[in-house]
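This report examines helix packing, backbone geometry and the surroundings of selected residues.

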Amino acid sequence: MSAPQPETPVFLAACRREPVPYTPIWIMRQAGRYLPEYRALRAKVDFETLTRTPELAAEVTLQPLARFALDAAILFSDIMTPLQGMGVDLTFDPGPVVREPVRTEAAIDGLRALEPGRDVPFVLESIRLIRAAAPRGVPLIGFAGGPFTLFCYLVCGRPEKEFETARAFLYSQPQASVRLLERLADAMAAYLAAQAAAGAQALMLFESWAGLLAPQQFERFALHAAKRTLAALRGTGVPLIYYANQGGALMEAIAGLDAEVIGVDWRVPLDQVRRRLGPGKAVQGNLDPAALFAAPDELERQAARVLAEAGAAPGHIFNLGHGIWPHADPQAVARLVDYVHERSARAARAGAAS
């Protein structure tokens, strides 16, 4: 859908719960393997080179915007990138592998403080390039991994099905766990603040493994660290987005976070989430990624259900409940983007006329 661009981008207005002419939409992992142009580039260049070469990272970030009328871009990078800047020796096989897992006080002390200008200058240059080339005034989202998610990789050394090594460490070494989480929280705050200074117009914290924790452990460890990161970002002046995968049981605790937007996976309806969060939060989500494989009319029904559950109150950003799958059909994405825009625009016009 081609719609006139308001003075404030629709995505940013929705983040701040302002009235919008239609529901904005972007898709987690929208720059990636489901796009043939990404696969063509990836055939020539390894993943780490893509993320560390500003011109290539900018190209990949902008690829989906050339295809679809998306309302936001998200920086193409990896959540582990700033850890490398902190001196962590890691490779990808294909997931991140930390050569020396962090399980002692000495290892925690050995992590150096992140200085973004020194340690990740290529990320900041990527942001500047994207902002200069973004079409239609589409805003850019910067992001980082949540402290607990990074904690999981550092303590386990490599991905585990339930990150049992990291979760056991929380119970067996609670003081060391808090120290490591706070170290990571401060590093991600510095990283995200630098992204905002370079031009990112919203910042998102991905807590991919929060749903593995019992509510008490989530509040004591993951939420404590996330609050520390978000509090340090208040001065950036940009909307803050917090996403906790499988976080349906944690929403009452999440409601206390100082973030404008709460990302929601597909396991809990948005109307329930909005009641539990209260009126002071925008929500982002939450179509099941599998719905992109439905027949066109069923995909539209599922999208209409998400829009209905989000309700008419301002502050909904349409997204998938998690990242798009690598074998998704780009035509289904195009159909979804157009449908969300068209249906929500009709609803907004009808509401204004009533």
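At what angle do helix α9 and helix α10 pack, and how far apart are their axes? In this predicted model, helix α9 (residues 147-156) and helix α10 (residues 164-172) pack at an angle of about 105°, and their axes are 8 Å apart. The two helices, α9 and α10, are therefore roughly perpendicular to each other, because angles of 65 to 115 degrees are placed in that class. On the α9 side the contact is made by F148, F151, C152, V155 and C156, and on the α10 side by T165, A166, F169 and L170. Sorted by class, the contact of α9 with α10 comprises eight nonpolar residues, one polar residue and no charged residues.

**Helix pairs**

Two packed helices are described by the angle between their axes and the distance between the axes.

| Helix pair | Angle between axes | Distance between axes |
|---|---|---|
| α8 and α11 | about 30° | 9 Å |
| α9 and α10 | about 105° | 8 Å |
| α15 and α16 | about 45° | 10 Å |

Helix α8 spans residues 121-133 and helix α11 spans residues 174-198. The crossing in which α8 passes α11 is right-handed. Residues V123, L124, I127 and R128 of α8 meet Y191, A194, Q195 and A198 of α11. The class composition of the contact between α8 and α11 is six nonpolar, one polar and one charged residues.

For α15 and α16, the packing angle is about 45° and the axes are 10 Å apart. That angle makes α15 oblique to α16. The crossing of α15 and α16 is right-handed. From α15 the contact draws on P296, L299, E300, A303, A304 and L307, and from α16 on A332, R335, L336, Y339, V340, R343 and S344. Nine nonpolar, one polar and three charged residues make up the contact of α15 with α16.

**The loop between α9 and α10**

F163 is found in the loop between α9 and α10. Its phi is near 45°, a positive value in a residue other than glycine. Is F163 buried or exposed? With a relative accessibility of 1%, F163 counts as buried, because the buried class covers values under 20%.

A positive phi also occurs at R29, where the value is near 65° and the residue is again one other than glycine. R29 is placed in the loop between α1 (10-15) and α2. Its relative accessibility is 52%, so R29 counts as exposed, the exposed class being over 50%.

**Cysteines**

How many disulfides does a search of the whole structure find? The search returns zero. C156 is in no disulfide, and the nearest cysteine sulfur, that of C152, lies 5.9 Å away; a disulfide would require the two sulfur atoms to be within 2.5 Å. Both C152 and C156 belong to the α9 side of the contact with α10. C156 counts as buried at 6% relative accessibility, and C15 counts as buried at 1%.

Where are cis peptide bonds described? One joins D93 and P94, with omega about -15°. P94 lies in the loop between β2 (90-92) and β3 (96-98). Another joins G285 and N286, with omega about -5°, and N286 lies in the loop between β8 (282-284) and α15 (296-310).

The place of N319 is in the loop between β9 (316-317) and α16 (330-353). The relative accessible area of N319 is 1%, so N319 is buried.

**R39 in helix α2**

R39 is located in helix α2 (residues 36-42). At 43% relative accessibility, R39 counts as partly exposed. Not counting residues up to four places away in sequence, R39 touches R33 and Y34. Between R39 and A214 the separation is 175 residues in sequence and 38 Å in space, taken from C-alpha to C-alpha.

How values were computed
Residues are numbered from 1 along each chain as its sequence is written. This is a predicted model: local features need pLDDT of at least 70, side-chain atom pairs count only at pLDDT 80 or more; totals for chains, interfaces and linings use all residues. Side-chain values use heavy atoms; hydrogens and water are left out. Buried means under 20% relative accessible area, exposed over 50%, partly exposed in between (1.4 Å probe, protein chains only). Axes are lines fitted to C-alpha atoms, for helices over the stretch in contact, and angles run from 0 to 180 degrees between N-to-C directions. Helices (H or I, at least four residues) and strands (E, at least two) are DSSP runs, numbered from the N terminus. A crossing is left-handed if the near helix is turned anticlockwise from the far one by less than a right angle, and right-handed if clockwise. Contact means heavy atoms within 4.5 Å. Ala, Val, Leu, Ile, Met, Phe, Trp, Tyr, Cys and Pro count as nonpolar, Asp, Glu, Lys and Arg as charged, and the others, Gly among them, as polar. Angles under 35 degrees count as roughly parallel, over 145 as roughly antiparallel, 65 to 115 as roughly perpendicular and the rest as oblique.
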